[in-house]
Amino acid sequence: MNNKFFDLIILVISLLFVIITHELGHAVVALWNGDDTAKKAGRITFNPLKHLDLIGTLFLIVMKFGWAKPVPIDSRKFKNERFGLFTVSIAGITVNLITCFFAILIFNTLFYFNIYNYFVYSLLDNIALYSVVFAVFNLLPIPPLDGSKILASILPKSFEYFIYKNEKYSYIILLVLLYFGVINRIIVPAIKPILSFFNMISIYILKIF
């Protein structure tokens, strides 16, 4: 079978896995904090159709970073509103970074034991890359990205109201910044150091064992 076809399959699987686990992180942590809004909306699922945003997914494929449909939350249901908002906002990014690390660890483990499979290696490599891309991209403080909600959880309540009130306009700003490569110049320098750090830690773990 043509490697290009394999690469396309790997790309799709990788992107879906990264997006779904990111959104599941938000939904599950919201539930842990006492808010069942995402659960009632059917967002605690591996069904990609529940999570994908058309424009965000297209940008993820073309630009190598994008976004999914925001997980609906009701911060009034949180046991502790500020703590709940912070932990839910950072949950997806945390899941992405953990995913990246374990993808690299599994990759290096297979390599260490001379187990080679093109599909598996490429899949792990793509999952690691897109996980860290998605994590870094979502840290940007631009609605609807997680970075804006992380800021809202630690800044005065008025900032949170401002974000939600103007979120529909921020999509335009985000698209403009993406189109002109501004975001690319911001996040790309952070990706390689994170991958290198996780690779170093995984190799250190393998040497111990």
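These legends describe close-up views of a predicted model.

**View 1. Asp53, a buried acidic residue without a salt bridge.**
D53 sits in a loop. That loop links α2 (37-40) to α3 (54-63). D53 is buried, yet it forms no salt bridge. The nearest side chain of opposite charge belongs to K69. It lies 7.5 Å away, whereas a salt bridge needs the charged atoms within 4 Å. Beyond its neighbours within four places in sequence, D53 is in contact with W67, A68 and K69. K69 is thus on the contact list of D53, but the two side chains make no salt bridge.

**View 2. Asp74, buried in the loop between α3 and α4.**
D74 is found in the loop between α3 and α4. Its relative accessibility is 17%. Buried means under 20%, so D74 counts as buried. The side chain of D74 makes a polar contact with the side chain of R76, at 2.9 Å. D74 also touches D35 and T37, leaving out residues up to four places away in sequence. V182 is 108 residues from D74 along the chain. The C-alpha atoms of D74 and V182 are 32 Å apart.

**View 3. Thr87, a buried residue in helix α4.**
T87 belongs to helix α4, which spans residues 81-112. T87 has 17% relative accessibility and therefore counts as buried, the limit being under 20%. Which residues does T87 contact, leaving aside its neighbours within four places in sequence? They are V29 and N33.

**View 4. Asn114, a positive phi in a residue other than glycine.**
N114 lies in the loop between α4 (81-112) and α5. Its phi is near 55°. That value is positive, and N114 is not a glycine.

**View 5. Pro143 and Pro144, joined by a cis peptide bond.**
The peptide bond running from P143 to P144 is cis. Its omega is near 5°. P144 is placed in a loop. On one side of this loop is α5 (118-138), and on the other is α6 (146-154).

Conventions: Residues are numbered from 1 along each chain as its sequence is written. This is a predicted model: local features need pLDDT of at least 70, side-chain atom pairs count only at pLDDT 80 or more; totals for chains, interfaces and linings use all residues. Side-chain values use heavy atoms; hydrogens and water are left out. Helices (H or I, at least four residues) and strands (E, at least two) are DSSP runs, numbered from the N terminus. Buried means under 20% relative accessible area, exposed over 50%, partly exposed in between (1.4 Å probe, protein chains only). Lys and Arg count as positive and Asp and Glu as negative; His and the chain ends are not counted. Contact means heavy atoms within 4.5 Å. A polar contact is a pair of N or O atoms within 3.5 Å; within protein, one must be able to donate a hydrogen and the other to accept it, and residues adjacent in sequence count only if both atoms are side-chain atoms.
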